[in-house]
Each structure stands twice: as structure tokens, then as C-alpha cells.
Amino acid sequence: MRCIVCGGPTNLLEKKKGFGSSPLKSFSCLDDSCGSVLIQEYDYKTKELSEKIFLDRTKRTDSDIWKRYKYIRLLPDEIERIVSGERLHSLEQKVLEPDICEGCKRPTGQVIELGQKKYCWNCAKTNIEALGSGIMATTSSSFEGYKIIKYLDIESVESIWTPGFFGATDARITDSSGTNNATIEEKLNAAKKYALALLKSKARAAGGNALIGVQFDYKEFFVNYVGVVVNGTIVRIESLH
Ligand SMILES: [Zn+2]
Ligand SMILES: [Zn+2]
């Protein structure tokens, strides 16, 4: 696989098993000053590696290739055509207005969706707490001093955090600058917190006031990927006193 940004050779890294069990391939440009990484990801629907590959990051963020094709799923022959200088207009990124954070009202490259609203990471951190406030959660099957009066639903939320990649099915936390100062542990905690807050908001929307049997699972872990899945049973509880 040639590097889509500079056309040079890449180094293939294969990950058969991550934290979960999904295989992934990444192609890193051998030119350090280019620093491009292409990713071929696992397709959960076909249960195979996707045919398509996307540009996940590069040091040449001012290049037209980055601006036009970042995160766009491309077939290997489409990548070849782009490297040879062809423009695939139908596949190129639409130029989007930057998202405005609902909290600080400033444009943000980072977009975090909470409920239906978009926030920058800083504002989202404070709102994550608010989103799930008042909903109790436990890993066990009951709460001391409370009785369960109704079982409502089993819900699952997935939160995947990759630099600049909208990779989540329900949740998304991205850093579109592609740079990445947070440690893996910080990201993991953020992804966990975010997934739990979303699950709590689903519990509230479903008419519940608590979650039982809450379980976290780490779905995938590769390069800069952090994936957390949280599931639980939404219930209504009532104090015994
Ligand atoms: Zn390159
Ligand atoms: Zn903000």
C-alpha cells in the first residue's frame, strides 16, 4: 500500500486481536516527516476486514489530500488513483462550517454529542455529569434500601474514541486535530464516563430512574483507539423507607 499523502511506501502493522477480538490493519508511511497512517478496519456487519481503507492521520494536515480525503473510506484502487494525481470529486470531503459548541458558543474542531447537542471537549466534560445526574447505577442486581418496581429495558452504549474519527455507533468523541495529548488511561476513563452518562440518559428517556447489572467491556484497542461498551438494565426503583 502506498501512502496516500506522499505516495511513498508504508509499513503494514497487523493486529489480529485487540482488547476485544477485532482485527485491524494499519499502514504507516515510512517517511517520518509525512507521518501518515491509513487504517483498514474490521466490519462488524460482514465480520471481516473492510475492503475500504481510510486516512486516519498525517503530519501534513495542510495538504490537499488530507483536506479532501481524511476519514473517507476508499478502495485500494481509489487510493492508487488519488496518489497518481486524480481527483475523485464524488468522494471528497464536503467543506463544512465548523461546529459551534452549545456551551461556550465558539467554533470547535472537537465535537462531542451529548443528547442532541454538540459541545467542545471542555464544555462536554462538565455536561457529561449533568446528563446522567440523578440516575443511580450499580453492577449488582439490586440497591440496598430500594425495591425494583419495574424492569424496563436492556440497553447498550458504545463509545469509541479515536483521533479525528467518528467511529462510534452511538457515541462519538473525537479530536479532529489528530493530535493527542491525553494518555490512554485518560481516554479510557473519558470514554467510560461518557458511555455511562449516555446510558443514564437513555434510562431517563425510557422512564427509568436507575440502572442495574452495569457492565463495561473493552471492545477494541489499537494504536489510538479506545473502545468502551457499557450495558445495563433500566429499572424503576422505589425507596423502602
Ligand atoms: Zn507519506
Ligand atoms: Zn465549549
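Residues are numbered from 1 along each chain as its sequence is written, and chains are lettered from A and ligands numbered from 1 in the order in which they are written. In this predicted model local features need pLDDT of at least 70 and side-chain atom pairs count only at pLDDT 80 or more, while totals for chains, interfaces and linings use all residues.

Me: What is the average pLDDT of the protein chain?
Reply: The average is 80. pLDDT is the predictor's confidence in each residue, from 0 to 100. Of the residues, 79% score at least 70.

Me: Which elements have the lowest and the highest mean pLDDT?
Reply: Strand 11 (residues 173-174) has the lowest, 40, and helix 2 the highest, 95. Helices here are DSSP runs of H or I with at least four residues; strands are runs of E with at least two; both are numbered from the N terminus. Over residues 163-181 the pLDDT is below 50. That stretch still has 49 contacts in the model beyond near neighbours in sequence. A contact requires C-beta atoms, placed from the backbone, within 7 Å. Where pLDDT is low, the predicted coordinates should not be read in detail.

Me: Why is V111 called buried?
Reply: A residue is buried if 20 or more other C-beta atoms lie within 10 Å of its own, exposed if 12 or fewer, and partly exposed in between; the C-beta atoms are placed from the backbone. V111 has 20 such neighbours, so it counts as buried. V111 lies in the loop between strand 6 and strand 7 (112-114). Its C-alpha atom is 8.7 Å from that of I100, 11 residues apart along the chain.

Me: Why does Y71 count as partly exposed?
Reply: Y71 has 18 C-beta neighbours inside 10 Å, so it counts as partly exposed. Y71 sits in the loop between helix 1 (64-69) and helix 2 (76-83). Its phi is near 65°, a positive value in a residue other than glycine.

Me: Why does K105 count as exposed?
Reply: K105 has 10 C-beta neighbours inside 10 Å, so it counts as exposed. K105 belongs to the loop between strand 5 (99-100) and strand 6 (107-108). K105 also has a positive phi, about 60°, although it is not a glycine.

Me: Why are the buried residues of helix 3 placed on the same side?
Reply: The buried residues are C123, A124 and I128. They cover an arc of only 145° around the axis, so they share the same side of helix 3. The arc is that of the directions from the helix axis to the C-beta atoms. The face turned away from the buried side carries the exposed residues T126, E129 and A130.

Me: What makes a nonpolar core, and which residues of the largest touch the most other members?
Reply: A nonpolar core is a set of buried Ala, Val, Leu, Ile, Met, Phe, Trp, Tyr and Cys residues joined through C-beta atoms within 7 Å. The largest has 26 residues; Y194, A195, L199 and V230 touch the most other members. Helix 4 gives the most, with 9 residues. Another core lies apart from it, with 19 residues, among them L24 and V37.

Me: What makes strand 1 and strand 4 edge strands?
Reply: Two strands pair if DSSP finds at least two bridges between them. The open sheet of 4 strands has the order 1-2-3-4, with antiparallel pairing. Strand 1 (10-15) and strand 4 (48-57) each pair on one side only. Strand 2 (residues 24-29) and strand 3 (residues 37-43) pair over 4 bridges. S26 stands opposite I39 in strand 3.

Terms used
Contact = placed C-beta atoms within 7 Å.
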